[in-house]
Amino acid sequence: MTEGADISFVHLGISIQHMEKSFSIGGISFAYYGLIIGIGMVAGLLVAQADAKRRGQNPDIYLDFAMYVLIFSILGARIYYVIFQWDYYRNHLAEIINLRRGGLAIYGGIIAGVLTLIVFTRKRKLSFLSMADSACLGLLTGQIIGRWGNFVNCEAFGGYTDGLFAMRLKRSIVNENMISQDLLDHLILENGIEYIQVHPTFLYESMWNLGVLLFLLWYRKRKKFTGEIMWLYLAGYGIGRTWIEGLRTDQLLIPGTSIAVSQALSVVLVVVSVSVILFCRRKAVGERKENT
């Protein structure tokens with residue numbers, strides 16, 4: 001490990017001496033987080049359009065949809081976050097619109113995206129499930145890339161670990177609200193500098209989503225019914241998020257409980273998605289038998 005590095009993967013021999021969170025062009029500052037999210041959105045749109053073209057759909061429809069879903073997904077992600085952090089925002093109403101301090105929840109964005117797609121397909125007289133099958137491939141692509149924005153921001157990490165992928169961070173570059181008592185109990189002091197050592201949950205989720213995407217790209221030619229790719233995405237993402245969310249130190253909790261809302265929602269998504277897949281596959285098999 002390089003001495004005094006901002007970030008180090010202590011058992012992998014990887015370190016970043018100074019983590020820059022922004023860059024300037026012409027005196028104007030731009031956040032790397034926003035750039036990474038933007039790259040993820042563009043890549044996601046291209047993947048969705050490529051799949052749509054493969055299936056004989058007009059890929060331009062997805063560009064039209066993207067202009068709406070971009071706006072409403074950001075709103076949904078922010079509203080979701082504010083709802084489950086209302087104890088803070090009720091006394092800081094002006095902060096609700098301040099996105100520069102972060103505070104976007106992916107599940108809020110997904111919920112808003114689904115609602116936007118429902119309205120969009122009804123207005124355009126298109127199949128919601130058919131568009132969702134391609135759109136979720138783009139969404140997964142965006143999630144894989146977007147999680148690296150959390151890495152740049154030194155956020156979305158888990159509790160203490162000394163495992164293979166343990167990530168060590170300078171305490172001074174981390175938001176204190178994300179540092180749990182568990183991390184404080186394992187605080188590391190080297191040459192007068194305090195460090196925390198954490199699970200890199202952003203990495204876990206990015207890699208998990210990559211695995212889900214590769215599986216769906218392989219499976220899409222084998223699907224048994226329209227909408228199956230969407231339900232498989234929800235099930236696959238939900239399984240990963242269930243265990244990864246349990247590691248994180250910045251969980252949004254169901255008010256009055258110690259239950260992480262994203263964990264609970266993930267379990268519900270997995271149960272519902274698997275149930276729908278089993279039902280629809282049984283139905284599809286039965287219909288094929290009737291027609292033979």
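1. The model is predicted, so local features need pLDDT of at least 70 and side-chain atom pairs count only at pLDDT 80 or more, while totals for chains, interfaces and linings use all residues. Residues are numbered from 1 along each chain as its sequence is written, and side-chain values use heavy atoms, with hydrogens and water left out.

2. Helix H5 (residues 128-152) packs against helix H7 (residues 201-219) at an angle of about 165°, and their axes are 9 Å apart. H5 is therefore roughly antiparallel to H7 (the term covers angles over 145 degrees, on a range from 0 to 180 degrees between N-to-C directions). Helices here are DSSP runs (H or I) of at least four residues.

3. The contact (heavy atoms within 4.5 Å) involves residues including Leu137, Ile144 and Trp148 of H5 and Phe202, Leu210 and Leu217 of H7. By class, the contact of H5 with H7 has twelve nonpolar, five polar and two charged residues.

4. The largest nonpolar core has 36 residues, of which Tyr62, Met131, Leu216 and Tyr233 touch the most other members. Such a core is a set of buried nonpolar residues (under 20% relative accessible area, 1.4 Å probe) joined through side-chain atoms within 4.5 Å. Among the helices that each supply at least two residues of this core are H5, H7 and helix H9 (261-290). Apart from this core lies another, of 18 residues, among them Phe9 and Leu183.

5. Asp87 lies in helix H3 (residues 86-89). Asp87 is exposed, with a relative accessible area of 63% (exposed means over 50%). Asp87 and Pro255 are 168 residues apart in sequence and 9.2 Å apart in space, C-alpha to C-alpha.

Methods. Angles under 35 degrees count as roughly parallel, over 145 as roughly antiparallel, 65 to 115 as roughly perpendicular and the rest as oblique. Ala, Val, Leu, Ile, Met, Phe, Trp, Tyr, Cys and Pro count as nonpolar, Asp, Glu, Lys and Arg as charged, and the others, Gly among them, as polar.
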